[in-house]
Amino acid sequence: MRAGRALLTLFVLLGFAFFTLAASGDPAVILLGPETNTAALEAFRQKWGLGLPLWRQFAVYVDGLVHLNFGLSYRTSGPALDLVLSRVPASLCLVVPTIFFSIAVGVPVGFYAAIHNGRMTDRITTMLAVIGLAVPPFLLGILLIYIFSIWLGWLPPSGYVDWRSYIMPVGSMSAVAAAIYARFTRSAVVEVMANPMIETAKASGLTRELIHRAHALPNALLPLITITALEFGGVLTFAAVTENVFGWHGVGSLLIESVAARDYAVVETILLCAGTTMILANFLADLSYGFVDPRIRDSRRSRLSTVTRLYAEKSPV
Amino acid sequence: MILDRHSVATLFSLRELSVAFGATLRHIAVSNVSFDVKPGEILGIVGESGSGKSVTCRALIGLLPERARVQGEMIFEGQRFSLSKPRGLAHLRGVGLSMIFQDPMSALDPLMTVRRHLELRTEDDPGTLLRSAGLDEHRTVLDSYPHQLSGGQSQRVAIACALARRPKLLIADEPTTALDVTVQAGILQRLRQLSRERGMAIIFVTHDLAVVYRLCDRVLVMRDGRIIEHGDVDTVLTAPRESYTRDLLAAIPRPAHRGRRLTAAGNEADKRTIALRSGSIASKPLLRFEQICVQYKRSDGSVLEAVRGVSAVIRRGEILGLVGESGSGKSTFAKTAVGLTVPASGRILLNDEPLDWRRPQMRWRRDVQYIFQDPRGALDPSARILSQVRLPLDVHRLGPKAERTAHAHRQMIEAQLDEALFSRKPGSLSGGQRQRATIARALTLQPKVLICDESVSALDVSIQARILDLLMELRERLGLTILFISHDLSVIRHICDRVLVMRRGELVEEGETIDLFQHPKAAYTQQLLAALPVLPDCIEQEPENQRVVV
């Protein structure tokens with residue numbers, strides 16, 4: 001059931017990408033250049049099967065996928081999957097530290113703002129978070145390059161040189177992601193702190209620290225799992241802009257190059273990988289909801305136990 | 001009120017508490033409240049909504065929101081605390097004072113077992129604690145999560161949490177209001193025992209004077225942030241000094257005044273106009289339910305039988321009561337009459353015409369109208385009252401527009417709504433006014449049957465009294481037939497001619513109101529009646545009020 005829905009999602013994603021790409025330009029012209037003679041263009045189209053009607057092209061492609069053939073890149077003539085996989089490690093090197101830092105910074109900041117709800121410290125942190133969200137990551141990236149590479153000359157501006165190359169891309173991406181985490185954590189914790197159970201806890205003498213640790217944090221965890229799933233799910237693509245700015249050879253920059261070149265097979269393979277990781281991440285998030293929340297765990301149990309529990313509830317105390 | 005500050009017997013005394021809210025502190029919630037409590041004493045605080053009773057309690061324990069401006073001090077076990085600095089009270093919470101709240105379902109952390117709730121608070125054996133809160137099945141409860149517990153069980157767990165550090169004073173803010181009467185009776189008894197066993201004082205806040213009578217030693221009556229009256233429960237409830245307390249007591253339906261006006265009427269003659277029909281109504285059946293079964297499918301695929309083969313007849317011009325605790329299926333059953341729930345089997349007949357709500361007809365909707373519990377949710381917050389009352393006429397396209405407006409006007413005056421309110425929006429109306437508007441709206445179509453589903457349950461007693469008076473008056477004047485659903489036995493006894501008792505989707509008992517209340521046959525009905533807290537008779541009653549009109 002669940003797997004079927006996932007497959008359908010992937011299929012719709014692929015179809016949509018395929019037809020919009022086809023509608024927006026001819027790979028032959030783009031790759032060979034507008035001055036190429038018609039015969040060469042025709043030969044190119046013949047070679048890649050571009051003369052067929054669009055729906056047949058798509059059918060051929062999907063047929064290949066079923067046999068785990070992800071197609072060849074127009075540009076390198078190599079298998080698209082190999083090309084994509086070769087870029088994955090570089091992207092992971094950016095994204096994993098980003099998620100780590102953004103949680104490490106965003107969650108405590110959001111939490112701090114929430115428990116000082118309405119005070120000056122809360123307003124300042126919230127304002128910083130809004131700025132973090134509002135500034136586009138590429139702008140931040142360019143700004144960082146200007147300051148640290150051009151002006152101060154401390155850090156390499158582009159590509160991979162040594163460990164210092166990570167600082168700016170990870171930093172600029174973390175700033176945005178941390179802002180998201182801070183905002184979500186803040187609103188989640190504010191909501192929990194308004195729950196009557198907090199009043200009950202205070203009234204029976206629990207200290208603030210214990211209330212924050214035992215009640216507020218665990219209850220605020222669910223929305224945080226959701227965002228982490230979203231960020232991890234988009235792991236291959238959400239660095240696209242940053243990778244481009246810092247000349248980083250990851251999947252993101254490959255995606256942008258391939259879209260520009262109408263390199264169908266590569267674009268579709270990236271989307272397929274991205275879609276699959278997104279679906280997997282959501283699946284993992286669902287699993288961990290059940291781990292955190294006993295209500296969700298219970299609702300997944302068998303019918304029989306639900307019935308007996310409901311009968312137990314109905315019996316007078 | 002004069003306090004004896006040096007009295008050894010005083011556990012706690014509150015002095016000149018005032019609380020104000022709002023940016024300019026213009027809204028004064030509590031002003032100049034002082035009282036004291038002796039060890040082991042149970043003090044009731046009663047008042048209607050907005051009387052400041054909950055605010056007072058939260059001020060004592062330092063749990064008011066930061067924007068509240070609190071003045072005053074309390075002396076607890078000889079130590080003086082300023083209430084304007086809630087942080088100073090933090091170390092008293094749990095060991096000195098503890099508090100339980102109205103809604104037990106949200107009082108516990110959904111992610112934690114009961115055991116962990118208790119372990120966070122004390123190193124004592126959690127099982128013993130639960131037993132002292134009256135949970136005998138403590139072994140299974142300990143490792144349950146809150147969503148697996150019933151309301152009564154949750155409230156007992158909350159009590160166990162509050163008692164974990166052996167407080168000297170327990171503040172209970174409407175702890176049984178959200179619970180069924182039978183559950184309430186158990187909890188009241190347990191609180192009384194706890195107070196005796198531990199010498200623990202209790203401040204019990206409630207709107208229900210009958211509960212105060214059953215539980216408390218002394219009572220404070222509050223109104224608009226002030227103490228109106230205080231004294232022994234017996235004295236205050238049988239011979240109140242203040243007219244406000246008298247009105248409050250008079251507004252509560254009780255057996256001796258069955259079917260009488262509850263609010264002071266303009267003149268004496270008016271009082272007599274409302275009388276119940278004689279017990280045996282010879283009129284013809286109007287609405288008939290035949291073997292109604294309703295099933296719900298749960299999300300996991302299992303089937304819940306909400307109503308199991310219930311039959312009932314409502315005769316023309318009668319008020320039929322339908323009583324039951326939460327989950328008894330009473331609302332589900334009644335909703336089949338208007339097609340809001342579709343029965344799995346069974347028939348509904350109006351004037352011998354079967355109503356098949358899968359093929360609804362507009363005129364059926366005109367004939368049966370339904371009023372819900374929460375008038376706030378039943379009204380559109382953005383539309384004026386008049387247009388909302390007129391809306392059913394617009395929907396059914398009855399008469400020209402001017403006539404519709406005129407009719408809606410008349411209906412609202414009939415429902416005793418002030419003309420000044422007609423062009424207001426629901427937000428600026430009080431709860432009672434809103435409920436009148438929904439009644440007026442239901443009556444614009446001149447229905448044959450009115451179904452009131454817990455329609456007075458969310459209202460203060462004085463407002464409830466007015467709505468009950470209104471319903472009886474409308475029945476008298478318009479010959480309306482009413483199906484009155486309530487969990488509140490005293491209200492049912494007050495206005496209904498006949499009563500049905502439901503439990504777990506089944507009809508338990510049916511009979512004439514007086515018969516049923518005096519000689520209940522079913523064990524469940526007996527249990528319900530035994531659990532119902534009752535008020536003592538007032539001493540100061542005008543002699544003519546003693547006459548029971550039946």
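This is a predicted model: local features need pLDDT of at least 70, side-chain atom pairs count only at pLDDT 80 or more; totals for chains, interfaces and linings use all residues.
**Entry 1: domains of chain A**

I looked up the domain assignment of chain A and found domain 1 (2-66) and domain 2 (84-294). Taken over C-alpha atoms, the centres of these two domains of chain A are separated by 34 Å. I then listed the contact: 12 residues of domain 1 of chain A meet 11 residues of domain 2 of chain A. On the domain 1 side, α1 (2-23) and α2 (27-32) of chain A each supply at least two residues. The largest share of that side comes from α1(A), with 8 residues. Sorted by class, the domain 1 side of this contact in chain A has 10 nonpolar and 2 polar residues, and no charged ones.

**Entry 2: domains of chain B**

For chain B I noted a division in which domain 1 comprises 12-96 + 167-250 and domain 2 comprises 285-380 + 441-532. I read 36 Å between the centres of domain 1 and domain 2 of chain B, over C-alpha atoms. Each of the two domains of chain B gives 10 residues to the contact. Domain 1 of chain B uses α6 (181-198) and α9 (243-250) of chain B, the elements giving two or more residues to its side. Of the elements on that side, α6(B) gives the most, with 4 residues. The class count for the side of domain 1 of chain B that touches domain 2 of chain B is 3 nonpolar, 4 polar and 3 charged residues.

**Entry 3: between the chains**

I turned to the A-B contact, where 28 residues of chain A meet 38 residues of chain B. On the chain A side, the elements with two or more residues are α9 (196-203), α10 (208-233), α14 (294-300) and α15 (303-314) of chain A. That side of chain A has 12 nonpolar, 8 polar and 8 charged residues.

I checked P110(B) next and placed it in the loop between β6 (97-100) and α2 (114-119) of chain B. Not counting residues up to four places away in sequence, P110(B) touches R295(A) from chain A, and Y145(B), P146(B) and H147(B) from chain B. Buried or partly exposed, I asked of P110(B)? P110(B) counts as partly exposed because it has 16 C-beta neighbours inside 10 Å, and a buried residue needs 20 or more. I also looked up its separation from L304(B), 194 residues apart along the chain: the C-alpha atoms of P110(B) and L304(B) are 24 Å apart.

**Entry 4: nonpolar core**

I found 208 residues in the largest nonpolar core. Those with the most contacts inside this core are A160(B), L169(B), I171(B), I203(B), I451(B), L483(B) and F484(B). Helix α8 (residues 167-193) of chain A gives the most to the core, with 14 residues.

**Entry 5: a sheet in chain B**

I traced an open sheet of 4 strands in chain B, in the order β2-β1-β4-β5, with antiparallel pairing. β2 (27-37) and β5 (79-82) of chain B each have a single partner strand, so one side of each has no neighbour in the sheet. Direction ignored, neighbouring strands of this sheet are turned by 5° against each other on average. I counted 4 bridges in the antiparallel pairing of β4 (residues 69-76) of chain B with β5(B). F76(B) stands opposite Q79(B) of β5(B).

How values were computed: Residues are numbered from 1 along each chain as its sequence is written. Chains are lettered from A and ligands numbered from 1 in the order in which they are written. Domain bounds come from an automatic or database domain assignment. Two residues are in contact if their C-beta atoms, placed from the backbone, lie within 7 Å. Ala, Val, Leu, Ile, Met, Phe, Trp, Tyr, Cys and Pro count as nonpolar, Asp, Glu, Lys and Arg as charged, and the others, Gly among them, as polar. A nonpolar core is a set of buried Ala, Val, Leu, Ile, Met, Phe, Trp, Tyr and Cys residues joined through C-beta atoms within 7 Å. A residue is buried if 20 or more other C-beta atoms lie within 10 Å of its own, exposed if 12 or fewer, and partly exposed in between; C-beta atoms are placed from the backbone. Two strands pair if DSSP finds at least two bridges between them. Axes are lines fitted to C-alpha atoms, for helices over the stretch in contact, and angles run from 0 to 180 degrees between N-to-C directions.
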